[in-house]
Amino acid sequence: MSTFCGLTKEYPQVALDLFSGKDVLRARTYLLSHVHTDHMVGLHSDVFARHLKKHPEYKLYCSEVTREFLLTSNKYCHLRNSLVALPIQQACDVNILNDVNSEQLQVTLLPAGHYPGSAIVKPIRSLYIDTTFFDPKIMYIPDRTDTERSESHGSLQVQGKVWL
């Protein structure tokens, strides 16, 4: 589960992986790292849909694969006009609107290897990552060999081998 509050400190008009709450709805540019429910909170809500409809200049940036996942679901079809797919490993300018004008933020989506289409969003001055293992209680992170050997993962183990 993501513990990120949604807003970036350096760019308060940019929300990442959270699409609900008064503070997040003050953002004017949105980024989605991947299609896991804990990163999509509020994305399907009527409040967020009305927010984007009221402000067609606000965009939701994500990877090309993530965009396709979203557009295959009726739950997210209201996002079609707001979605902008960014290529992986290529610096791209993202438009950030403010009260006076707009500025360009150069971001690069780096492959996260977590889920198809998942990406680490890397603005020039920061690197925002989310990891299941970013918890002090977890002292050991299994590597690929450990994951392959684990019999406790059942069908996930089989799928993991395919992805590896």
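**Predicted model: fold, cores and a pocket**

The protein has 4 helices and 7 strands, taken as DSSP runs (H or I of at least four residues for helices, E of at least two for strands) numbered from the N terminus. This is a predicted model, in which local features need pLDDT of at least 70 and side-chain atom pairs count only at pLDDT 80 or more, while totals for chains, interfaces and linings use all residues. Residues are numbered from 1 along each chain as its sequence is written, and side-chain values use heavy atoms, with hydrogens and water left out.

**Fold**
- Along the sequence the order of elements is β-β-α-β-α-β-β-β-β-α-α.
- Of the 164 residues, 37% count as buried (under 20% relative accessible area, 1.4 Å probe, protein chains only).

**Nonpolar cores**
- A nonpolar core is a set of buried Ala, Val, Leu, Ile, Met, Phe, Trp, Tyr and Cys residues joined through side-chain atoms within 4.5 Å.
- The largest one holds 21 residues, of which Tyr30, Leu32, Leu43, Leu60, Leu70 and Leu79 touch the most other members.
- Helix α1, strand β3 (59–63) and helix α2 (64–71) each give two or more residues to this core.
- Another core, of 14 residues, lies apart from it and includes Leu31, Leu86, Ile96 and Val121.
- Beyond its neighbours within four places in sequence, Leu60 is in contact with Phe19, Tyr30, Leu31, Leu32, Leu43, Leu79, Ser82, Leu83 and Val84 (heavy atoms within 4.5 Å).

**Lining of the second largest pocket**
- Helix α1 (residues 46–54) supplies the largest share of this lining, 4 residues.

Technical notes:
Buried means under 20% relative accessible area, exposed over 50%, partly exposed in between (1.4 Å probe, protein chains only).
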